[in-house]
Amino acid sequence: MATRPHVCFDRILPRELMRHQPTMPGRAGRTRAISPIGKTWMNGSTLHVRFVGGNAAQRAKAQEQVGWWEAVANLKFVFDNAPNADIRISFDANDGAWSYIGTDCRSIPLNEATMNLGFLDGGTAAHEWGHAIGLAHEHQNPAGGIQWNEQVVIREMAKSPNFWDAETTRHNILQRYRADQINGTSFDPKSIMLYFFPAEWTTNGIGTEANEVLSAMDKQFVAGAKMYPKTAPTVDSATPLAVNARQRTAAAIGKFGEEDLFRFSADRAGHYVIDTRGPTDVVMKLFGPNVPTALIAEDDDSGYAYNARIGADLIAGDYWVQVRHYNRESGMGEYTVKVRRA
Ligand SMILES: [Zn+2]
């Protein structure tokens with residue numbers, strides 16, 4: 001086996017650690033709707049980045065390769081070394097390459113890295129940026145695609161430079177996500193989120209290539225309705241909602257890929273409920289307080305029928321609500337939205 005793959009690993013936080021810290025703990029029996037399942041940033045987000053170490057060449061490489069995503073996704077990256085940066089990048093050569101996934105980065109203490117670029121060959125930085133904007137490993141796509149020879153994979157990953165035990169290899173390579181854990185497409189052998197794996201690691205002799213640039217499907221997916229469409233409204237154009245307004249606010253999703261953004265101010269701490277009504281099958285996300293990149297909760301159909309409902313104990317501050325269609329068939333039409341303090 002001539003080449004040993006450089007395998008990056010996901011750092012996925014347990015669900016209860018993904019809550020943004022200022023959110024107050026839910027009261028007993030009321031925590032259900034606060035469990036976040038999504039990891040994408042709000043569409044149109046500007047993400048601030050801080051480097052922790054690294055030389056000029058390493059930093060330039062990291063900055064160059066995020067540009068590949070920025071060209072297609074409705075996200076902006078600002079390298080201002082902000083003290084409260086959303087993404088912090090270290091370059092520890094002894095710690096491999098890894099990144100937390102999407103909004104999980106917001107749950108990591110601000111003095112800790114959310115990404116390490118211990119090596120930078122090929123498209124490694126672009127791959128880690130893929131994680132940072134919410135993408136998972138293509139080799140764990142539930143649609144499959146690789147027929148692992150599990151014993152060989154476990155044996156090879158136990159050797160230098162990885163020294164992984166069987167459990168780590170199972171978690172990072174062999175296990176697939178459940179279909180309901182990810183937004184995704186069919187298996188893409190050209191994805192930058194796929195690593196090189198030798199043919200000897202499979203039972204059918206079909207390995208994978210080292211992909212060093214974004215594939216057509218990578219670009220299509222991040223620019224698509226489930227990720228960061230450039231045509232959608234951004235945080236600056238959010239429609240204001242008054243808390244406890246007499247009337248529900250009417251809205252409509254007219255075409256596939258459209259999303260609506262609302263904002264409201266909580267003038268005091270309390271239990272707030274945001275819900276939609278209508279025949280439209282929607283997914284709702286709540287961000288804040290005061291930081292539109294911090295995901296608090298996501299819900300699809302806790303409300304009546306296909307409607308979404310999020311109940312959360314919130315501190316005073318500004319919040320953003322994003323509503324998207326659920327899928328191509330059932331996501332379009334009129335709905336209303338309301339926020340009330342219980
Ligand atoms: Zn990876």
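## A walk through the predicted model

Start by selecting helix α3 (residues 150-157) and helix α4 (residues 166-174), which pack at an angle of about 115° with their axes 9 Å apart. Helices here are DSSP runs of H or I with at least four residues, strands are E runs of at least two, and both are numbered from the N terminus. The axes are lines fitted to C-alpha atoms, for helices over the stretch in contact, and angles run from 0 to 180 degrees between N-to-C directions.

Before going on, know that this is a predicted model, where local features need pLDDT of at least 70 and side-chain atom pairs count only at pLDDT 80 or more, while totals for chains, interfaces and linings use all residues. Residues are numbered from 1 along each chain as its sequence is written, and side-chain values use heavy atoms, with hydrogens and water left out.

Next, a quick stop at N81, in the loop between β3 (76-78) and β4 (87-90). Phi of N81 is near 50°, a positive value in a residue other than glycine.

Now for the sheets. Two strands pair if DSSP finds at least two bridges between them. Strand β11 (residues 282-287) runs antiparallel to β12, with 4 bridges joining them. Select M284 and look across to its bridge partner in β12, D299. Then click on P289, in the loop between β11 and β12: the peptide bond from G288 to P289 is cis, with omega near -10°.

The other sheet to select is open too, with 4 strands in the order β8-β15-β10-β13 and antiparallel pairing. Its edges are β8 (249-253) and β13 (309-314); each has a single partner strand, so one side of each is left without a neighbour in the sheet. Neighbouring strands here are turned by 20° against each other on average, direction ignored. Follow strand β10 (residues 270-277) along β13, which it pairs with over 6 bridges; H271 has D313 as its bridge partner there.

A search of the whole structure finds 2 cavities of 30 Å³ or more. A cavity is a set of points on a 1 Å grid over the protein atoms alone where a 1.4 Å probe fits but cannot get out, and lining residues have an atom within 4 Å of a point. Grid points are joined across faces, edges and corners, and the volume is the space filled by probe spheres set on the points.

Which residues line the second largest cavity? Select L241, A242, A245, Q247, R248, T249, V337, K338 and V339. The volume of this cavity is about 40 Å³, and strand β15 (residues 333-341) gives the largest share of its lining, 3 residues.

Note on methods:
On a 1 Å grid over the protein atoms alone, a cavity is a set of points where a 1.4 Å probe fits but cannot get out, and a pocket is an open set with protein on both sides within 12 Å along at least five of seven lines; lining residues have an atom within 4 Å of a point.
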